Amino acid sequence: DQNGCADSLMMLDVVMITDVVASFTMSMDTVCPNQQVIFTSTSINAQTFNWTFGDGVGTSTASTPGYSYSSAGDFVITLIGTGPQGACFDTIKDTINVELVTANFTTNPVFGCAVPLIVQFGETAANDTSWSWDFGDPGSGANNTSSAQNPSHTYNSSGSYNVTLTVTSPHGCTATLTKPNNVFINIILPDFTADTIKGCIPLTVDFTSLTNP
């Protein structure tokens with residue numbers, strides 16, 4: 001002013017920095033292959049989300065994505081939560097288990113001399129809690145199936161039977177395997193012929209075996 005006094009005013013933009021805390025939950029921490037799991041961000045002050053699902057393939061920017069894994073194993077999920085204007089971010093990791101379930105049993109050609117022929121089966125996989133067998137022999141009716149771990153089945157004729165085993169894991173994952181099982185039953189039927197002759201003692205008679213080998 002005219003008295004030589006001066007004043008000034010400077011307006012400053014004030015940016016509020018908000019702390020971000022990343023966190024999330026999973027609908028399941030153990031899943032089966034190809035079973036969808038839901039991930040839900042519970043992050044504080046996050047506005048954008050970047051997920052990687054640990055299998056080298058899956059990513060998402062949704063706040064609540066769903067994802068399924070095609071193979072078994074342990075996978076590390078990473079969530080990066082970012083705050084307003086990208087000023088702050090936080091990262092959190094967690095691990096999910098995709099359960100490995102396999103069905104396996106041994107089969108070998110089975111030989112027998114008479115019917116019925118009882119064949120023993122043994123399940124050789126691990127980490128299973130229930131079993132469902134189909135012995136490929138529908139003519140045996142209700143006896144064609146079993147829920148035992150190591151069952152036996154009675155076959156009444158030779159043939160190649162497709163045996164199927166379905167196993168279920170503790171978390172409800174299933175796997176199925178079918179193998180052919182060859183059964184050979186050699187039924188021996190004794191039979192013979194003898195010459196009908198008349199003569200004096202000593203008398204020689206010829207015998208011929210007709211037994212089925």
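**Exercise 1.** Determine which side chain makes a polar contact of 3.1 Å with the side chain of Glu99, and describe the surroundings of Glu99.

*Solution.* Step 1: the partner is His171, at 3.1 Å from Glu99, side chain to side chain; a polar contact is a pair of N or O atoms within 3.5 Å, and within protein one must be able to donate a hydrogen and the other to accept it, while residues adjacent in sequence count only if both atoms are side-chain atoms. The model is a predicted one, in which local features need pLDDT of at least 70 and side-chain atom pairs pLDDT 80 or more, whereas totals for chains, interfaces and linings use all residues. Residues are numbered from 1 along each chain as its sequence is written, and side-chain values use heavy atoms, without hydrogens and water.

Step 2: Glu99 sits in the loop that links β8 (89-98) to β9 (110-112); strands are DSSP runs of E, at least two residues, numbered from the N terminus.

Step 3: leaving out residues up to four places away in sequence, Glu99 touches residues including Thr30, Asn127, Ser169 and Cys173 (contact: heavy atoms within 4.5 Å).

**Exercise 2.** Classify Thr208 as buried, partly exposed or exposed, and locate Thr208 relative to Thr193.

*Solution.* Step 1: Thr208 belongs to strand β17 (residues 207-209).

Step 2: its relative accessibility is 44%, so Thr208 is partly exposed; buried means under 20% relative accessible area, exposed over 50%, and partly exposed in between (1.4 Å probe, protein chains only).

Step 3: Thr193 is 15 residues from Thr208 in sequence, and their C-alpha atoms are 5.1 Å apart.

Key:
Helix = DSSP H or I, 4+ residues; strand = E, 2+ residues; numbered from the N terminus.
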